Protein chains: 2
Amino acid sequence: MVPSDKETDAIRQIKHHPAELDSIDRKILGALAEDASRSYAELSKIVHLSAPAVHDRVKRLKRDGVIKGTVAILDGCKLGRTLLTFLLIDTSSYSATRKLLAFADRAEVEELHTVAGDGCVLIKVRAANTESLEDFLMEIQSLEGVRSVRSYIALSTFLERGPSPD
Amino acid sequence: MVPSDKETDAIRQIKHHPAELDSIDRKILGALAEDASRSYAELSKIVHLSAPAVHDRVKRLKRDGVIKGTVAILDGCKLGRTLLTFLLIDTSSYSATRKLLAFADRAEVEELHTVAGDGCVLIKVRAANTESLEDFLMEIQSLEGVRSVRSYIALSTFLERGPSPD
DNA sequence: TTTTCAATCGAATGTAGTTCGGTTATATTT
DNA sequence: AAATATAACCGAACTACATTCGATTGAAAA
C-alpha cells in the first residue's frame, strides 16, 4: 500500500532531520523571520523569483515544519510587564521538577526548560513589577523538593529573537 | 503649536507606560500572539465585532507599539541547530561586557541580556552541535576580562513564547 | 441642549494570496 | 539513446482578504 499524502506529511513534520534548504530558501526564511508580513511580491524581489514560485517554497517550508507558524510580537512593557528575570531552580526530586512544569500555564512565564548542569529547571519570567516577581518566587521556593532558586534580573536586553536560518 | 500626527505617533511608540487595553484588545492580542495569520474575519468572530472594527483596533495597537511586528517561527532542529544553551558570563570590566555585546551579530545567538546578580551577561545560544558550541565557548572564555562562564544546556523545552497579554 | 469625538457598522473597493495550465530542465526508466 | 516522469518555474486568471468610505450610534464635553 502506498502511503497517503497525509501520512507522509505527518512523517515529514515529525522528522528531526535538518531539511534540505538552498540559499533561496534561507533568504526567504530570514526575511520572514524578520518580518512575516512581507508580501510574496516583496519576497519575489529579494530572491529574484516570481510570486507563485515563492509561494510554492513557503508552502513547502510550512509543510515540512521548518516554518512552525507566524506570531505577533507584543511589547512586554506596554502590557505592564517591565521586569524580565531568569530563574534557575535546583530541585532534589523528579516530582518537584514535575510540579515546576505546571508553571508553564502562567501568563508571566515565557520559557520553561529542563537543563543539565547545576540547576534543573530554567524559567524565563516577565513580571509586572518586583512585588509580583516576589510572589512568584515565594510560590516556587515554598514547593517541596526545591533546593535553591537563583534569580537573574535582566537590566538591558540587546537581542531577543528566534532561530536564524544563517 | 499643535504637535503633528507624526510627532505624537513617535512619542506614543517610545512611551514605556502601559497602553490602556480593554478585554477585547487583550483577546485580539492573545489570538495574534498565538497565530498572526488569522484573518480579520476570524478575529471578528472571536471578539464579536465587525472586521473593520477589529482592523481599526489592530491598527491602533500597532501604532501604539503594543504589537511590535509579526515574525515567522522557525524550527531550530530543522535548520540544523539542535543544541540550546544558556550561558551566564561573569566579567570583571565594562570593556569585557562591551566585547560580549558584539556577539549579538552571531546567527547562533538568540538572546543577549545584561543581568544583575552573580553574572553580568546572559546569552541564549542555539548551536548546531557540541563542537560548534565548544568553539563558541572557547571564543568567549579567551576574551580578556571574562572571569567565568557557566553553561546550562537545555534538555527539554516545555514552553517558548513571547509576552502574553493576560 | 448642542457639539464633538471615538467606536462601530455594511457596502464598496483595491490589493495580495492562490490556483491553473503550460514550459523548461533534470533525473529516471525502458 | 529515447522516452517518460518529476520538480521548479512562469504569466495570467481568479478569489479572498485587507482596506477604505460614508453613515450611524452613543458618550463625553462645551
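Tutor: In this predicted model, seven bridges join β2(B) to β4(B), and the two strands run antiparallel. Helices (H or I, at least four residues) and strands (E, at least two) are DSSP runs, numbered from the N terminus. Two strands pair if DSSP finds at least two bridges between them.

Student: Which residue is the bridge partner of B:L83 in β4(B)?

Tutor: The bridge partner of B:L83 there is B:A127.

Student: How are the residues and chains labelled, and what is counted in a predicted model?

Tutor: Residues are numbered from 1 along each chain as its sequence is written, while chains are lettered from A and ligands numbered from 1 in the order in which they are written. As this is a predicted model, local features need pLDDT of at least 70 and side-chain atom pairs count only at pLDDT 80 or more, whereas totals for chains, interfaces and linings use all residues.

Student: Back to the strands. How many bridges are there between β2(B) and β5(B)?

Tutor: Those strands pair over seven bridges, in the antiparallel sense. Within β5(B), B:R150 stands opposite B:L88.

Student: And how many bridges join β3 of chain A to β5(B)?

Tutor: Six bridges join strand β3 (residues 109-116) of chain A to β5(B), and these strands run antiparallel. A:T114 stands opposite B:S156, and A:A116 has B:I153 as its bridge partner.

Student: What do the eight strands close into?

Tutor: They close into a barrel, in the order β2(A)-β4(A)-β3(A)-β5(B)-β2(B)-β4(B)-β3(B)-β5(A), with antiparallel pairing. From one strand to the next the twist averages 35°.

Student: Which helices lie across these strands?

Tutor: One of them is helix α6 (residues 130-141) of chain A, which lies across β2 (83-91), β4 (121-127) and β5 (146-160) of chain A and runs at about 145° to β5(A). Another is helix α5 (residues 94-101) of chain B, which lies across β5 of chain A together with β2, β3, β4 and β5 of chain B, at about 160° to β2(B). Axes are lines fitted to C-alpha atoms, for helices over the stretch in contact, and angles run from 0 to 180 degrees between N-to-C directions. Two residues are in contact if their C-beta atoms, placed from the backbone, lie within 7 Å.

Student: New topic: how many residues does the contact take from each chain?

Tutor: The contact takes 61 residues from chain B and 61 residues from chain A. On the side of chain B that touches chain A, β5(B) gives the most, with 10 residues. The residues of that side divide into 32 nonpolar, 16 polar and 13 charged. Here Ala, Val, Leu, Ile, Met, Phe, Trp, Tyr, Cys and Pro count as nonpolar, Asp, Glu, Lys and Arg as charged, and the others, Gly among them, as polar.

Student: Why do the copies meet through the same surface?

Tutor: The copies do so because 100% of the interface residues of chain B are also interface residues in chain A.

Student: Now the helices. At what angle do α2 and α4 of chain A cross?

Tutor: Helix α2 (residues 23-34) of chain A and helix α4 (residues 51-63) of chain A cross at roughly 80°, and their axes come within 11 Å. That makes α2(A) roughly perpendicular to α4(A). Angles under 35 degrees count as roughly parallel, over 145 as roughly antiparallel, 65 to 115 as roughly perpendicular and the rest as oblique.

Student: Which residues meet there?

Tutor: A:I24, A:D25, A:I28 and A:L29 in α2(A) meet A:V54, A:R57, A:V58 and A:L61 in α4(A). By class, this contact has six nonpolar, no polar and two charged residues.

Student: And at what angle do α3(A) and α4(A) pack?

Tutor: Helix α3 (residues 40-47) of chain A packs with α4(A) at an angle of about 95°, their axes 8 Å apart. That makes α3(A) roughly perpendicular to α4(A).
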